[in-house]
Amino acid sequence: MQVVVCDDNTGVLSAVGEQLMEHYGNICKLQLFTNAFALLNYVQDVANGNVDIAILDIQIGDDNGIL
C-alpha cells in the first residue's frame, strides 16, 4: 500500500509518519513531504499516480492542501 503525507509542520509530519509506520509499517510504503509541489512531482513522476492513501494538511504555506 502506497501512502503519502504532506504537512509543512515537520513536527506533525514526523508524528503522523511515526504512527503510520508503527501500526502499518509492514504493509505500507510511506513517503513524507513538506510541500505540495514535491508531493505532486512524486505522485506524477515516481509513483505514476499509484497512491492508495494521501493525507494532506489543509493549508501548506500559501498553498491549499486540498488542491
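Trainee: Is Met21 buried, exposed or partly exposed?

Mentor: Met21 is partly exposed, at 38% relative accessible area. Buried means under 20%, exposed over 50%, and partly exposed in between, with a 1.4 Å probe and protein chains only.

Trainee: What kind of model is this, and how are residues numbered?

Mentor: It is a predicted model: local features need pLDDT of at least 70, side-chain atom pairs count only at pLDDT 80 or more, and totals for chains, interfaces and linings use all residues. Residues are numbered from 1 along each chain as its sequence is written, and side-chain values use heavy atoms, with hydrogens and water left out.

Trainee: Back to Met21. Which element is it in?

Mentor: Met21 is in helix 1. Helices (H or I, at least four residues) and strands (E, at least two) are DSSP runs, numbered from the N terminus.

Trainee: Leaving aside neighbours within four places in sequence, what is Met21 in contact with?

Mentor: With that exclusion, Met21 is in contact with Cys28 and Leu30. Contact means heavy atoms within 4.5 Å.

Trainee: And how far apart are Met21 and Gln31 in space?

Mentor: They are 11 Å apart, C-alpha to C-alpha. In sequence the gap is ten residues.

Trainee: New topic. What order do the strands take in the sheet?

Mentor: The order is 2-1-3, in an open sheet of three strands with parallel pairing. Two strands pair if DSSP finds at least two bridges between them. Strand 2 (29-33) and strand 3 (53-56) are the edges, each pairing on one side only. The twist from one strand to the next averages 15 degrees.

Trainee: How many bridges join strand 1 to strand 2?

Mentor: Five, and the two strands run parallel. Gln2 stands opposite Lys29 there. The chain goes from strand 1 through helix 1 to strand 2, a right-handed β-α-β crossover. Right-handed means that, with the strands pointing away from the viewer, the path from the first strand over the helix to the second runs clockwise.

Trainee: How many bridges between strand 1 and strand 3?

Mentor: Four, again in the parallel sense. Val3 stands opposite Ile53, and the bridge partner of Cys6 is Leu56.

Trainee: Where does helix 1 lie?

Mentor: Helix 1 (residues 10-24) lies across strand 1, strand 2 and strand 3, at about 175 degrees to strand 2. Axes are lines fitted to C-alpha atoms, for helices over the stretch in contact, and angles run from 0 to 180 degrees between N-to-C directions.

Trainee: Which residues make up the largest nonpolar core?

Mentor: Val4, Cys6, Phe33, Ala36, Leu39, Tyr42, Ala47 and Ile60, eight in all. A nonpolar core is a set of buried Ala, Val, Leu, Ile, Met, Phe, Trp, Tyr and Cys residues joined through side-chain atoms within 4.5 Å. Helix 2 gives the largest share, three residues.

Trainee: How many aromatic pairs are there?

Mentor: One. The rings of Phe33 and Tyr42 have centres 5.4 Å apart and planes at 45 degrees, so the pair is tilted. Rings of Phe, Tyr and Trp (its six-membered ring) pair if their centres lie within 6.5 Å; planes under 30 degrees apart count as stacked, over 60 as edge-to-face and the rest as tilted.

Trainee: Are those two buried or exposed?

Mentor: Phe33 and Tyr42 are both buried.
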